[in-house]
Amino acid sequence: MDTMDTIDNRKLLKDQPSCYGTVQHAGTIISMEVTGYQRVQWRVILCHILTVLTVGILWVIFHWKPVLEVLAKCHPCHLSQSDWVIIKDSFNQQFVAKVWTEEIEDDCFPHPVQPSEDDNRINLAIGVLEDDWKDTIQLQKQEEKNVIRYYSFEGLRYIWIEKKQSFCKLSILEEVLTCGDIHRQQRGLSRHNQNTKRQVYGPNVIDVPVKSYFRLLIEEVLNPFYIFQIFSIILWITEQYYYYAGCILFISIISIGISLYQTHKQSVTLRDMVKLTLNVRVRRETGEEEMVNSQDLVPGDCIVIPEDGIQVPCDAALLTGECMANESMLTGESVPVMKTPLPDQDVNYSPEEHKRHTLFCGTRVLQSKNYSMDHQVVAVVVRTGFSTAKGELISSILYPKPLGFKFYKDAVKFIIFLAVLALIGDIYSIVILERQKVSVGRLVKRVLDLITIIIPPALPAAMTVGTIYAQNRLKKYGIFCISPPRINICGKLKLICFDKTGTLTEEGLDIWGAVLVGGKTFEPIVHDIRHVSGPMLHALATCHSVTLLNNEPIGDPLDLKMIESTGWILTDDITKSDIVSRFGMKVVSVVKPPPLEEQPYGSKQELSLGILRRFPFASSLQRMSVIIKRPDKSPVEVYMKGAPEMVASLCIKETVPDDFSEVLRYYARDGYRVLGFAHKTLSQDITFEAVHKLERNSLESEMTFLGFLIMRNILKPETTPVIGSLNRANFRTVMVTGDNMLTALNVARNCGMVGLKDRVIFANASPPSRDKPACVKFLPSELAPDQQNGTEQQQPGNHSLEQSYHFALNGKSFAVVYDHFPDLLQKILIRGTVYARMAPNQKTQLVESLQKLEYSVGMCGDGANDCGALKAADAGISLSEAEASVASPFTSKIDNIECVPMVIREGRASLITSFGVFKYMAMYSMIQFVSVLILYTINSNLGDWQYLYFDLVITTTVAVLMGRTGPAKQLVAQRPVGSLINVSILGSLLLQTLLVIMIQVLTYTVTTAQNWFVPVNASSSSNKLPNYENTALFCVSGFQYLILATVLSKGHPFRKPLYSNVLFLVALILLYALMVFLTLYPLQFIRQIMQLMLITDLKFKLLLLGFAALHFITSLLFETAIDSGLLNQCVRPFCKKKQSKKLYKRLEKELCYNSAWPPLNEVIYAESGRVIHFE
């Protein structure tokens, strides 16, 4: 770079950090480092010349590693000048993307509605086409053309923003919008503005790339695996292995054809599933409405939702009316969700925070209702394409994060080790063949031939066989997997998190009764809800999100049970004019009492109730509320239900009974689910329009407490046996729920997560305030039922915890510990079993925190609030009816947790199969490698048909059928190893290899010592076939392939026994019989085809069978000894005792030896912003 460039860049960069040309993006999920590169013409020309000189090899290398192409053809530059960018993600993967420039008409960009401070300049500054662009950072509208610079990565468009001096996601342009801004966009966009925005945002499509067959063919052929195959086939042809080369070529062509068909079919299927194009009615600034294609939608468009529903083509904020939406495609939750209008407030809009007011792309609006003056339900588009919730999920399928599974990394290392072994074999071959005065051409062929033998080309395909069988078996049980590599990871799971409601317990709760407030205390429970009267009855009848679809009530099962228990009826059989005349205003919905004859004796309910507005339940708020009106001139009322503690906190203190905590604890401790209810009265003369402008926070305050609704939280019958089997198999089970702590704790004890004699310690944490820092206090819960007789409570300083203990904490405490006590969090997580009142994002944080402790974490939930945690877990299992749900890697139609041990058992079986197949393929290479090296000593080799027999008849049959063995019926405490670099695996391979060498060398020695033995003739054919050495080694090595297939197919304890795999067993018996036949009595035409010598000495042939039997017995003994741990015991004295690599194991050990922790009833402060570190 010359001096002028330096000056210009300094002027451009101003006070930018020193990492020149590099910007780091940090997000909630991933962080990226983006570096800019500018194309250099002479470098490009040089690369073209080198490509020609290397006969395209450089081009192939660039195809494999695009980053190298950018580094070769470009030089680093500031991002604003870049033609290409190299993107490095948080997993250290590198990608390249081309920077595109596009001229746009004007500066109509989606910045806030308020005018910019400098209205004469463009907020989203871009570049210009002229060379002196560097001096014009903010562009004058009148002087220059506007050009946007952007690149696309994983479907998302990243646009250059001058003010930030970086490429940013397009969604950043909408982050500054408030809910009020979105409401002001209700007028819609002009056609001109929409067209200009479309240039920036691109079309509203989630584009799944479907490559042509020709392009797929080129990419497949350029795969290193197939290039190695082509190289091998050419080599075999030059060595006159025509039949073998022809067969492998034919199989490769078939394999490529199937692979291309499957890849193309999957892409087309996903594209068809994702593609959504329909005509949508949009509003224009002029007040007109027109139909536009959904692909033309941009943020800011105002769309009209028809009454009979619509497939939502984008993420849109609902501004008027109510919608019932089916979100099963995104969340796996089959229960429709009610969407209500976005509040018109001056707070930043967030699709996650305002999800109850957002219609998400890919979901279906079942019906819409509106009661405002213009009689239309409208929504404003906020996100399009891959920026939508559906787009993000599809992106995670198209571009999954790397699994980081040690098995796959070790497999690559092992292949490198085999390559080194091939090099050693090559050196030996060169020495041997040089002594025999072999020509240079023949010597080179022989050396290269060894490389094709030692590195099995079918290894990658063979290792996926077990996973494919496991996936098919799971599908038969109704468990669908969209990420097959995760099946193997399921075999290594150590900790399983469970949602409670709908997962461990029944979805629909049984109503147990209502407990009403009577003065300063609660009245006795009323079991028949029909006998409840007054405001509490009205609250139960109206405070829900149930609506009618085709005259059938739909909504949350809890709400359906609640309204059913009252006997009141939700109705649509009333005209709008009747509603206005009866209620004095429009209403959203009408609830009428049961017929008089069905009502209990006493006061009769005759008046219907009209619901004016609903504030839907939000996990973060832990409550919902409704505004209702009676037909008479009574004032408008507000009813609220939610978590009892939350409802009580929003009530006038005097209306909350003195025994509130005592009664709540009584029911929650016994496992009942408890909801709190409250109400308040508004002014009488309020209008319908005014009701819809009221703010939720002001409404849900200063309320009068009404009482509790008590529901039975019944465990599913399968829950306790499954938790018991997981506990016996040494799995950690954890409950994470949004329910009350004591209810969750009761369920945890009843299902066996917490033992009846186990202690529970509450970790209560308080956030920092003005006068004191954040603090944590460990409080023992009440003693276990069988320990309450006369036992004293533990005092501060009495730390003896003789029995095992579990931590329980709620969402508020988790948030404080997560933010202020990271070291303490680790220890709490080691013993944490019950997490209550957890928000959806906290569930995700919990899973990720457990993963940081190096647990392999499984998560089982019923979609909806668990989506984030299901995606974050190593194995997320969603209990859902939706087969095509992308909410998690696994979707189970089995609506209970029996699917969890099924997935784990299949994962273990698949993992063990992968290890077995890998070991077999490695040993198959070693057997052939040893045979060929021995034959090289006499300048001979295996014959064409001999290779075919070993590779296709024996090895292919074994590799395909070995993985069919199903999983064991019971889970065991022992976990399968997850790494190939392991004493038992490497020890097994080493011992089996030594045994192979010994048997083959013994066979060769014994053969040459026979009195009828005739050495090979130096003047015979190129491979000197047939000969006695080759025939003897062919017979013995043929048995070795089968022996190792048998020995390495062990079942116990993770798979069924070998004999349960009938096809494999039959194939082995037939192959053994065939080998015996070829050894003892081969027919003449077979001997000629296989190039075998005629051996008439029956004793010698029986001796060869004896060698095979000796190998079988010895090999079986080796594997048995290794499985019993004998090898580990022998090696242990020579190895230093190492600390466990897993962080959670080290922390567990530390806690076991530290009897003084946790310090009960003592307050621990995070003083002066400093976190306390426990030793």
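Visitor: How many aromatic pairs does the structure hold?
Guide: The structure, a predicted model, holds 32 aromatic pairs (rings of Phe, Tyr and Trp, its six-membered ring, with centres within 6.5 Å; planes under 30 degrees apart are stacked, over 60 edge-to-face, the rest tilted).

Visitor: What geometry do Phe 660 and Phe 705 have?
Guide: Their ring centres are 5.6 Å apart and the planes lie at 80°, so the pair is edge-to-face.

Visitor: Which elements are they in?
Guide: Phe 660 lies in helix 21 and Phe 705 in strand 32, so the pair ties together parts 45 residues apart in sequence. Helices (H or I, at least four residues) and strands (E, at least two) are DSSP runs, numbered from the N terminus.

Visitor: Are Phe 660 and Phe 705 buried or exposed?
Guide: Both Phe 660 and Phe 705 are buried (under 20% relative accessible area; exposed is over 50%, partly exposed in between, with a 1.4 Å probe and protein chains only).

Visitor: And what about Trp 1012 and Phe 1100?
Guide: Trp 1012 and Phe 1100 form an edge-to-face pair, 5.1 Å centre to centre with 80° between the planes. Trp 1012 is partly exposed at 22%, while Phe 1100 is buried at 2%.

Visitor: New topic: where is Lys 1141?
Guide: Lys 1141 is in the loop between helix 37 and helix 38, and is exposed, with a relative accessible area of 66%.

Definitions and conventions: Residues numbered from 1 in each chain as written. Predicted model: local features only at pLDDT ≥ 70, side-chain atom pairs only at ≥ 80, totals over all residues. Heavy atoms only, no water.
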